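Let's take a friendly walk through a protein structure. Have a look at the sequence and the model below, and then we will go through some of the contacts together.

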Amino acid sequence: MTKPRKVSTIVASAGVAADPVYGGLIPPLFASDTFRWPDSDTRPDYDYSRTVNPNRDMLAAALAELEGAAGGVATNSGQSAALLALLLLPTGSLVVAPHDCYGGTYRLIKGFEEQGRLRSTFIDMLDDEAFDRAMAEDPALLWIETPSNPLLRITDIADRAARAKRAGALVIADNTLPTPCRQRPLALGCDLVMHSTTKALNGHGDLFGGALLAADAGLVEKIQWWANAAGLSASAHDSWQTLRGLRTLPLRVERQEATAQRIAEWLAAQDRVAAVHYPGLSTHPGHELAERQQQGPGFMISFRVKGGDEAAAAFLSGLDLITLASSLGGFATLICKPSTMTHGGMPPKVQKEAGIYPDLLRLSIGLEDADDLIADLARGFGSA
Ligand SMILES: *Cc1c(COP(=O)(O)O)cnc(C)c1O
């Protein structure tokens, strides 16, 4: 066995100087929908781009190496990666998912449940009793998302995955927030890992994409079969561009995380802040587990503004540099109000159970200077 390569080497060398025709340093873009057969009985390696495409394969190979996966598929959005995972399950399967999972995941699973395709149980993943109860109901899939969004609660992946496997379930982790630079769910016992590459992996906010990767080659084949059958695969252009964005991922994550740590500490010292959720703070409930499980606390922070909904609105209107928008992981710092934006589709009762209050704001820290970001946040508190 050769030693696994480091993240920065994987992203800097993926597809480099592999152009078979001219030896171009950068992989060529194979935009063609279809490919010529040598004769009608000899299928070429690439025949039709929905099924297989060189740029998509290059991206999937880089992502699989980053996650230590056997392989997988780059999809046309994060949601199509989630859909692809659910397509692996027989009708009527029980999916156990965190009650504070990504809003789109909640919507998709609930939509399938309303149509009678799947059953679901949304639980507090940190609640041992609730977890054991759910595992006793013969689940087909356990959905893990850690750190959770927006509260950045930390689930013990190795423990939850082992218990779910004993219950006979497949285990998937949505690794969008931590990125493979900071967390490797397959090494901790998960079967599948999914990403919204729209976020940090592309990092430049200019495309939609996703990926579903598997530890086991048999599962990879099933994923590829369904991606082709359902038409969920990423385009050549998006795959090519995502690989370009991916090249700087480790640098971006390191810088975004250093700034996030400073901002979280600054927020924690403000009187107008009621609570700060950031795994890098020693006061964060999952801090020690995050230190063991992750290679860094990440670039996401959430916090509650004192004075409720109105104070939060005034704070937001005072910001100038930081944009009010619902995405994350990119070069530009974004702020959002989960209760009406990213998690607006969750019924108020479910939001409350998940701790998503109207005064909760979520920051995705980008690449701006930390002092300038802090000055902007101070402007916001000046208006609140
Ligand atoms: C954005 C996001 C998704 C969905 O990805 P899209 O690319 O928007 O379809 C899924 N999970 C998490 C954690 C996300 O942040």
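## A salt bridge to start with

With which residue does Arg-160 form a salt bridge? The partner is Asp-128, and the closest N and O atoms of the two are 2.9 Å apart. Keep in mind as you read that this is a predicted model.

Now find the two residues in the sequence. Arg-160 belongs to helix 6, while Asp-128 belongs to helix 5 (residues 128-135), so this pair ties together parts that are 32 residues apart in sequence. If you search the whole structure, you will find 17 salt bridges.

## Two domains

Let's step back to the overall layout. The protein is divided into domain 1, covering 7-246, and domain 2, covering 249-383. Their C-alpha centres lie 26 Å apart.

How many residues of each domain are in contact with the other? On the side of domain 1 there are 36, and on the side of domain 2 there are 38. The size of an interface is often given as the accessible area lost when the parts come together. For domain 1 and domain 2, the buried area is about 3,000 Å², and carbon and sulfur atoms give 63% of that.

## What links the domains

Between domain 1 and domain 2 there is one salt bridge. Arg-182 forms a salt bridge with Glu-257, with 2.8 Å between the closest N and O atoms.

Which elements give two or more residues to the side of domain 1 that touches domain 2? They are helix 1 (7-13), helix 4 (103-114), helix 6 (157-166) and helix 8 (236-246). Helix 1 gives the most, with three residues. Sorted by class, this side of domain 1 has 18 nonpolar, 13 polar and five charged residues.

## Around the ligand

Finally, turn to the ligand. Of the 14 residues around the ligand, the ones that come nearest are Gln-79, Asp-174, Ser-196, Thr-198 and Lys-199.

Two of these names come up again when we look at single atoms. Asp-174 has a polar side-chain atom 2.6 Å from a nitrogen atom of the ligand. Ser-196 places a polar side-chain atom 2.8 Å from an oxygen atom of the ligand. For Gly-78, look at the backbone instead: a polar backbone atom of Gly-78 is 2.9 Å from an oxygen atom of the ligand.

How values were computed. Residues are numbered from 1 along each chain as its sequence is written. This is a predicted model: local features need pLDDT of at least 70, side-chain atom pairs count only at pLDDT 80 or more; totals for chains, interfaces and linings use all residues. Side-chain values use heavy atoms; hydrogens and water are left out. Domain bounds come from an automatic or database domain assignment. Contact means heavy atoms within 4.5 Å. Buried area is the accessible area (1.4 Å probe) that two parts lose on being put together, summed over both. A salt bridge is a side-chain nitrogen of Lys or Arg within 4 Å of a carboxyl oxygen of Asp or Glu. Helices (H or I, at least four residues) and strands (E, at least two) are DSSP runs, numbered from the N terminus. Ala, Val, Leu, Ile, Met, Phe, Trp, Tyr, Cys and Pro count as nonpolar, Asp, Glu, Lys and Arg as charged, and the others, Gly among them, as polar. A residue is near a molecule or strand if one of its heavy atoms lies within 4 Å of it. A polar contact is a pair of N or O atoms within 3.5 Å; within protein, one must be able to donate a hydrogen and the other to accept it, and residues adjacent in sequence count only if both atoms are side-chain atoms.
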